[in-house]
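How do two chains meet in a model, and which parts of them take part? The report below takes up these matters in turn.

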2 protein chains.
Amino acid sequence: MELITETSTGYVPLYRQIKRLITDALVTGEWAPGQPIPSEIELAQRFKVSQGTVRKAISELASQKLVVRHQGKGTFVASHLNEPTKFPFLRLSPDKGPLVDVEADLIDFWRIKLDEESAANLSAVAGSTGWLIRRILAPEGVGIIYEEIRLPGQPFDFMEEKTILNHNCMLYSMYEAEFGIRILRVEERVKAVLVEGEIVDRLGLLDGSPLLRVDRVAYTYGDQPVELRRSYCNTSNHHYQNQII
Amino acid sequence: MELITETSTGYVPLYRQIKRLITDALVTGEWAPGQPIPSEIELAQRFKVSQGTVRKAISELASQKLVVRHQGKGTFVASHLNEPTKFPFLRLSPDKGPLVDVEADLIDFWRIKLDEESAANLSAVAGSTGWLIRRILAPEGVGIIYEEIRLPGQPFDFMEEKTILNHNCMLYSMYEAEFGIRILRVEERVKAVLVEGEIVDRLGLLDGSPLLRVDRVAYTYGDQPVELRRSYCNTSNHHYQNQII
DNA sequence: GAGTGGTCTAGACCACTCA
DNA sequence: GAGTGGTCTAGACCACTCA
């Protein structure tokens, strides 16, 4: 992604101002996820700038994956719904061959009080109510990943187990469809750990098996954190994949 | 990065052709790392296209980090030399606070015969000679990472221990300065493992301590793999950091 | 003040999609 | 064939760097 920092003189290029206006419209939901936004020509008329300036604004939005462009068809608000990949940010791959199908099994779903650390990471109030979701992800039917997901009460207050099940445990689709929360990016911290007890049991391992622990914070518009997730991965036959440019 | 795929009709936009010409000049070393390439206006004249078309080509090269643009100064061939960060692709951070200074200690440096797997990953011939470098990375002086690095004989044939030491173990700078090989991107596969013996000893740990194992393939121009690296990281107080957009 | 990259415009034309 | 995004041009002007 290209980065353009604001100058000390306070100069902000026109296309950046336009980008802001379009982003605002995206955030307020003027155009729904998956739906087209107005054409470049229409937006140029609306904002009284040239098509090129609108293009430059939209190009940045596309590189941030806020919108998706399709030549000949239009520009669409990005969405986790109807995506080909069920778990779009999942970085785990089998050592051999591609990741084919991942099954998700809900273990349980509780109301909790957010502890101090979780609350801080979610910019919520410590002790306020939230949710804890526990589940297993099973590529090709084999349980490889155990996950604990913590959500703030706001905006997820009216959630039920069946809300999750209706979406086949595809949480980011669910957040979007049920709560209008679209996950834009995630930050992860990865460690190697030894764990005992239930987690190891659930993954069918023996105590003393090393696990990959991935702590994730997921962000929506305005860089607001809305989900915490701790995943324990059995990396005997899988690996966490990453590319650095 | 924006991706533009070639169409089935074989149509390749002009700016893509220009990009290819500039890339070729970068690969053949027409302009040296750290040095400026000709201005956009000069390149436009040279290739007989508009400045805008050259800009679009250079923008893509900049987003791939093949070149770096500085407003008012020019566009420069990217380089690992004179970079602020000593280990540009290192993803390990302390759990608290920023990564300040990393020390590197060479353990040893041997000629080896490349085993079948390493050779395949380096697109070299199995059994051909190569190098094995072993070292420790120590943030704030504490040994946290043990690394084994494998290099093909070509183009690294004339390498000596002092070559490495002269560059303070900053290998990517060394490859560039001594062999004209610039690392452009790396792919990593991360697992949690248990290791015994020397590696654990070197990191001052007990047998049974879980370690993060990072397998890296480093690529230069033309997506050619030129280095294999296996790193074992003590993640007691550090973590592997990643962002997914 | 000369030279660099960065922005913005208006307009032409192209590739692609869909009815 | 109408409408979309994608490319390309020529030209004006702006922000920034450096002598």
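What follows is a short account of the interface between chain A and chain B in this predicted model.

## Extent of the interface

In this model, 33 residues of chain A are in contact with 33 residues of chain B. The size of an interface is often given as the accessible area lost when the parts come together. Between chain A and chain B the buried area is about 3,100 Å², and carbon and sulfur atoms give 51% of that area.

## Polar contacts and salt bridges

Across the interface of chain A and chain B, 25 residue pairs are found in polar contact, with both residues of each pair at pLDDT 80 or more. The count of salt bridges between the two chains is 2, and one of them joins B:Lys191 to A:Asp95, where the closest N and O atoms are 2.6 Å apart.

## The side of chain A that touches chain B

On the side of chain A that touches chain B, the elements that give two or more residues are β7 (185-194), β8 (210-220) and β10 (238-244) of chain A. The largest share of that side comes from β7(A), which gives 10 residues. By residue class, the side of chain A that touches chain B divides into 13 nonpolar, 10 polar and 10 charged residues.

## Strand pairing between the chains

The strand β7(A) also pairs with strand β10 (residues 238-244) of chain B, in the antiparallel sense and over 5 bridges. Within this strand of chain B, β10(B), the residue B:Gln241 is the bridge partner of A:Arg189.

Terms used:
Residues numbered from 1 in each chain as written. Chains lettered and ligands numbered in written order. Predicted model: local features only at pLDDT ≥ 70, side-chain atom pairs only at ≥ 80, totals over all residues. Heavy atoms only, no water. Contact = heavy atoms within 4.5 Å. Buried area = accessible area lost by both parts, 1.4 Å probe. Salt bridge = Lys/Arg side-chain N within 4 Å of Asp/Glu carboxyl O. Polar contact = N/O pair within 3.5 Å; in protein donor to acceptor, adjacent residues only side chain to side chain. Helix = DSSP H or I, 4+ residues; strand = E, 2+ residues; numbered from the N terminus. Nonpolar A, V, L, I, M, F, W, Y, C, P; charged D, E, K, R; others polar. Pairing = 2+ DSSP bridges.
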